[in-house]
Protein chains: 2
Amino acid sequence: MADAPAEPSKSALKKAEKQAKMAADKAAKAAKQATLAVVGGKKADDIIGMTVSKTENFPAWYQEVVLKAEMIEYYTEISGFFILRPASMFIWNTIRKWFQERIEAMDVEEASFPMFLSSKSLEKEKDHVEGFAPELAWVTKAGDKDLEVPVAVRPTSEAVMYPYYSKWIRSHRDLPLRLNQWNSVVRWEAKQTTPFLRAREFLWQEGHTAHLTEELAGEEVLQILELYAGVYEQLLAVPVVRGRKTEKEKFAGGYYTTTVEGYIPSNGRGIQGATSHCLGQNFSKMFDITVEDPHPKGDEKAKHIHVWQNSWGLSTRVIGVMVMIHGDDKGLVLPPRISKIQVIMIPVGITKSTAPEDKARHYDQLEEIKRTLKSAGVRTDYDIRDGYTPAWKFNDWELKGVPLRLEYGPKDAAKSVVSFARRDTGEKGTIAISELSTEVPKLLETIQSDLYNKAEASFRSHRIEITEWEKVIPALDVKNVVLIPHCLKEKCEDKIKDLTTGNQEETEGPEQMKAPSMGMKSLCIPFDQPAGIVKGETKCLNPECEALAESWCMFGRSY
Amino acid sequence: MADAPAEPSKSALKKAEKQAKMAADKAAKAAKQATLAVVGGKKADDIIGMTVSKTENFPAWYQEVVLKAEMIEYYTEISGFFILRPASMFIWNTIRKWFQERIEAMDVEEASFPMFLSSKSLEKEKDHVEGFAPELAWVTKAGDKDLEVPVAVRPTSEAVMYPYYSKWIRSHRDLPLRLNQWNSVVRWEAKQTTPFLRAREFLWQEGHTAHLTEELAGEEVLQILELYAGVYEQLLAVPVVRGRKTEKEKFAGGYYTTTVEGYIPSNGRGIQGATSHCLGQNFSKMFDITVEDPHPKGDEKAKHIHVWQNSWGLSTRVIGVMVMIHGDDKGLVLPPRISKIQVIMIPVGITKSTAPEDKARHYDQLEEIKRTLKSAGVRTDYDIRDGYTPAWKFNDWELKGVPLRLEYGPKDAAKSVVSFARRDTGEKGTIAISELSTEVPKLLETIQSDLYNKAEASFRSHRIEITEWEKVIPALDVKNVVLIPHCLKEKCEDKIKDLTTGNQEETEGPEQMKAPSMGMKSLCIPFDQPAGIVKGETKCLNPECEALAESWCMFGRSY
């Protein structure tokens, strides 16, 4: 299952690393210098907000936001590994439930296969495994004894599972066989790792199915792809483009790969969202997974046919994409549907001179509002921590991305309203207490769709159809991805990457992040094809390619 | 988290292995000789039922039932690993949902920590890790490069998590910190592995919490233990004894361990069900997890105090215990609450001479009954596979343990009833169609409680209070566990094990499984203490021990 990332040029990588480090150093320094703004035993770096601007230094901003919003902790013991904290796991579990419900309805069943692969099974399917070989983690010892045969931690489970598909599938009655597992896989990346987007271990689901015919397999590939699009669009408010990968970018050993592709406005890069592969009969031939043909032609003796297989995977990467798209200089911005706390209520106008009985009554009212919202299905909490100012609390919950803040003070109480502030737009207003249970859910859905629409407009306006080669690099340089007429040939793609890779040494701004002069790669052949290609006539846009264009193909700098 | 198993004597182990192998060979032979009982493309070993009797050869029976009921597949690539098939994962997920809901209500949050431990963090807590060292799987290579520092796959996550507890817990306001993760852990056992009960990789949940005081930690230990008891008693219909582990058997490095202990009637062995540990301040001292004392005495300057920690784990072992207790010579017997299919409907009396329109109408009626039951919350399916006789289908669903079979034929239709057969007792009867939606749920609950009551009666009658040492071994030999007055000292326990270990070579019955002459170990000090021990007077039962008895302690041969 290729979550296969792009390879940025080495110089660009080094530069980005350097800049991220500088920004992190700056943040740490700022934290040290910060004075304690509150009473209580909290130490300084707990209370300081964001210090890096998203537009000024995007990689450092990202690193800071996932740390300070308590989504991620770096696992300093072993580089390239991350701890997913409760704020992340809530999102992942929301996605998991949503997806699990839908694949159960498709009769996909859950299984759990071992995390290790023997070197023997790896040899069976060399072509597929070649891509993963440099990243395999090898267990060679148990206790103080060397293992007779080393075992590798799974980077994906084709080679773990398919020997058993061969055993379990005896007859066409056993088809379709559809199994999914939720687990973690290990790919010991040599490249720079990034929280969620590229880690040496990550959580995902991997579905592996077997079908009687190409048609049945193909139907499922698209059903799953649509679910992946649903995770992005409906839960994470992230627009994606559905399409097929080129031969160069498809899953190693598969037949064809479909994908949902996202877009990061801050740096104009494309990012692979999730992939649903048809493996064809390639693996069933390697692993000898056959059934007797249930419909032999005429009087022919029934012959054995190889099953058609799919595999499909969605990883915690989705969380990173969501953070990058919606977050701002105040911190995380969470779409309401995946936010553990959708509404945070903060009492205001309560001071040291407020009479205890007034304070108590006010807090009782807060509790009542919370109950009202909970029964309306809204995940609500209030923040009555002593010793923190309302302003401090506002910042804290903004950093954590809670979609809607309700402020409630004696003045609001007098008017039977609550004041609200939207996290995404900052818009403020009041809602009558009597209308909370209808207005708040409505407002949350508005926030959800506004987030999506904003991101969708951004992606749409940065997906440029280009028919003149000279306009490609300038388009990339202003953070676009491009749609170009393309021959879909692997060699031509390699050439395009070379042609668009900058090799000049750029001057380094001390903190400012310039778009790295990374070459572009193909992201997908969108299912939704613009007009304009005349078959047998329109040429591939690559000036060094002689071939005719097959399709519009989306290219971009990419993760 | 010690799922620490007992160590049977080596000779007993070898014997059991030999017998299991013989039985498996016999089963394989029987499968080969079986004639095809059905049409269709199924191969012989798919359709043959159980061949080994539970009473005649329990280990072989167990191996056969988990395989043939399609719960487990042996992962032949690497020994000691098992594949959990959908029939197992449904049960595990049911348990997971039940438990997750309840710990969420306790404000336990979910996290996901890396699966690897650096050798450095291991050094930090040598005492605790000593027990796991011989079972650690070491990754020493990534791709073709040796790692600078080898990393171990987690056998449990104390050493992975607690460095971050030290970082995250800054003030008493951060307490309690309660995190749980659902994952798999690896313990490269040298001992014989058994599906579910002892595997080199297994699924579990591990909760790790930190509290301000011993009292708060202690409350949670018991809350969790009660949830573990609930998983066994309420979901799996398995009775357990709640208690505390002796010093010898407690979790390495912990303060005290509480446990739920089960009992396998077929061989009279005790089995540890799940454990909830109070770690005390042992780990917080090693990992430097402190907060300022929020209640310093008098004018004292606030001092730093080490937090009180718990850890608690429940593994897929629970499934194995359930299988062993309820299963019979026909196969699996599933308690309705954890059975994916609670009711299987099988059409009867439909023959080749049945008119197609009659058959279609009959199947429509089946569909309607299914809908009725589904809306009554009953997980129902029907089996209308062509080419299999009703008798074959009965056997197949009995093998798979479905709690209730409904047979429906033209004769039933004429009387507006369905015929039922209980999987657990074989009891048969009829239910009026008009009463299905009330009677079937009621019957399922009866099956659930009958299963529990039967197992509970068996455990109760085999838990014998003994006050004369001479009666201990005879009691063990007739499949009891024993309650004896005990001093609770570690050395005395070692001695008791020696004294009860048989060293005579027994004659080997070719297939019959004799109780192995395994020494007994302490299972727990039950919370529920019988009367009869006079403090300062009653002696420890061990004839070679001079000490006074502290408590009744439950001992037994054990997994």
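## Reading the model

Helices (H or I, at least four residues) and strands (E, at least two) are DSSP runs, numbered from the N terminus. Welcome to a predicted model, in which local features need pLDDT of at least 70 and side-chain atom pairs count only at pLDDT 80 or more, while totals for chains, interfaces and linings use all residues. Residues are numbered from 1 along each chain as its sequence is written, chains are lettered from A and ligands numbered from 1 in the order in which they are written, and side-chain values use heavy atoms, with hydrogens and water left out.

Let's begin in the loops. In chain B, the loop between helix 7 (158-168) and strand 7 (177-186) holds B:Pro176. The peptide bond joining B:Leu175 to B:Pro176 is cis, with omega about -10°. In chain A, a cis peptide bond with omega about -10° links A:Leu175 and A:Pro176, and A:Pro176 sits in the loop between helix 7 (158-168) and strand 7 (177-186) of that chain.

A:Phe196 is also worth a look: its phi is near 70°, a positive value in a residue other than glycine. You will find A:Phe196 in the loop between strand 7 and strand 8 (201-211) of chain A. Most residues other than glycine have a negative phi, and most peptide bonds are trans.

In chain B, helix 4 (residues 86-105) packs against helix 10 (residues 317-326) at an angle of about 115°, with the axes 10 Å apart. Axes here are lines fitted to C-alpha atoms, for helices over the stretch in contact, and angles run from 0 to 180 degrees between N-to-C directions. Helix 4 of chain B is therefore roughly perpendicular to helix 10 of chain B (65 to 115 degrees; under 35 is roughly parallel, over 145 roughly antiparallel and the rest oblique). The contact (heavy atoms within 4.5 Å) joins B:Ser88, B:Ile91, B:Trp92 and B:Ile95 of helix 4 to B:Val318, B:Ile319 and B:Met322 of helix 10.

Helix 3 (residues 58-68) of chain B also meets helix 10 of chain B, their axes coming within 11 Å and crossing at roughly 115°. Here B:Phe58, B:Trp61, B:Tyr62, B:Val65 and B:Val66 of helix 3 touch B:Gly320, B:Val323 and B:Met324 of helix 10. In chain A, the axes of helix 3 and helix 10 (residues 317-326) come within 11 Å and cross at roughly 115°. The chain A contact brings A:Phe58, A:Trp61, A:Tyr62, A:Val65 and A:Val66 of helix 3 to A:Gly320, A:Val323 and A:Met324 of helix 10.

## Where the chains meet

At the interface, 64 residues of chain B are in contact with 64 residues of chain A. Together the two chains bury about 5,500 Å², 56% of it on carbon and sulfur atoms (buried area is the accessible area, 1.4 Å probe, that two parts lose on being put together, summed over both). B:Tyr164, B:Arg170 and B:Arg173 supply 12% of the area that chain B buries against chain A, more than any other three residues.

## Salt bridges

Across all chains, the structure has 70 salt bridges (a side-chain nitrogen of Lys or Arg within 4 Å of a carboxyl oxygen of Asp or Glu). Four salt bridges cross the interface of chain B and chain A. B:Lys167 and A:Glu73 pair in a salt bridge, at 2.7 Å from N to O.

Within chain A, A:Lys68 and A:Glu64 form a salt bridge whose closest N and O atoms are 3.1 Å apart. Both residues, A:Lys68 and A:Glu64, belong to helix 3 (residues 58-68) of chain A and lie four residues apart, about one turn of the helix.
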